[in-house]
Amino acid sequence: MSKSKRYYALMLIVVIAFILYVAYVQIIQDPQASAFLGFKTDLNHPLNPKLWLIVMRIHAGLACLAMICGAVNFADRIRIRHVTFHRLNGYLYVICVMLVGLTSGYMAPVATGGRSVSIAFNLLTMLWPAFTVIAVIQIRKKQMASHRKWMVRSYAFCFTNLVVHVLTWTIRTLAGSPYPVTYRISVFITIPLLLLIAELVIRTAWPGPAGPRHPADNNKP
């Protein structure tokens, strides 16, 4: 098995496990998000728990859908043999990213951890759509290799919530710090960490040019 296929298999395992976890938390463990809402104290903006919960569910659902769309489109079999589906699925991914950014913009002002976390999430809502748009521009210029690199950078942000919560749990377990503090630290670490991981994947999984694609569709995402 090639290195890129091993990476892809590992990514699929993580994606499936995370989506199942999100479904468990949202449906069974804490459908009202009361535990997480309990950490939102001393906010600079008023919080409407019912509206926040609705937006959060939309946000989580769209993020999971973007994660699935991205995972599917990274499959070489889909990209090469089912070009039309790859393109339509790519459009769906773009829509999901934009809507996730929109919902994140609503939730950022009341982010757990305070104003600095809000700023970090606002930065993320600019970077993620920007990387995605650049990826679309590159494929329209028939730059397949560049398109894939920017898609890797974009897709890395699908794992933001996963990495934040893993780091939060790890730091709290090791240091015993309060949740808002560890959450803040985790957010600050996660954004540059995901960018670094994306670059490592780009440089190690696909060091050569992108694989073949139907020439008539090279200008479509």
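**Entry 1: cysteines.** I looked for disulfides, taken as pairs of cysteine sulfur atoms within 2.5 Å, and the structure holds 0 of them. Cys64 is in no disulfide, and the nearest cysteine sulfur, that of Cys158, is 9.3 Å away. Cys96 is likewise in no disulfide; the nearest cysteine sulfur belongs to Cys69, 5.1 Å away.

**Entry 2: basis of the values.** I note that this is a predicted model, in which local features need pLDDT of at least 70, side-chain atom pairs count only at pLDDT 80 or more, and totals for chains, interfaces and linings use all residues. Residues are numbered from 1 along each chain as its sequence is written, and side-chain values use heavy atoms, with hydrogens and water left out.

**Entry 3: burial of the cysteines.** I took buried as under 20% relative accessible area, exposed as over 50% and partly exposed as in between (1.4 Å probe, protein chains only). Cys64 counts as buried because its relative accessibility is 11%. Cys96, at 2%, also counts as buried.

**Entry 4: Arg153.** I found Arg153 in helix H7, residues 144-156; helices are DSSP runs (H or I, at least four residues) numbered from the N terminus. Arg153 has 15% relative accessibility and therefore counts as buried. Leaving aside neighbours within four places in sequence, Arg153 is in contact (heavy atoms within 4.5 Å) with Phe131, Ala198, Glu199 and Ile202.

**Entry 5: Ile28.** I located Ile28 in helix H1, which covers residues 3-29. With a relative accessible area of 60%, Ile28 is exposed.

Definitions and conventions
Helix = DSSP H or I, 4+ residues; strand = E, 2+ residues; numbered from the N terminus.
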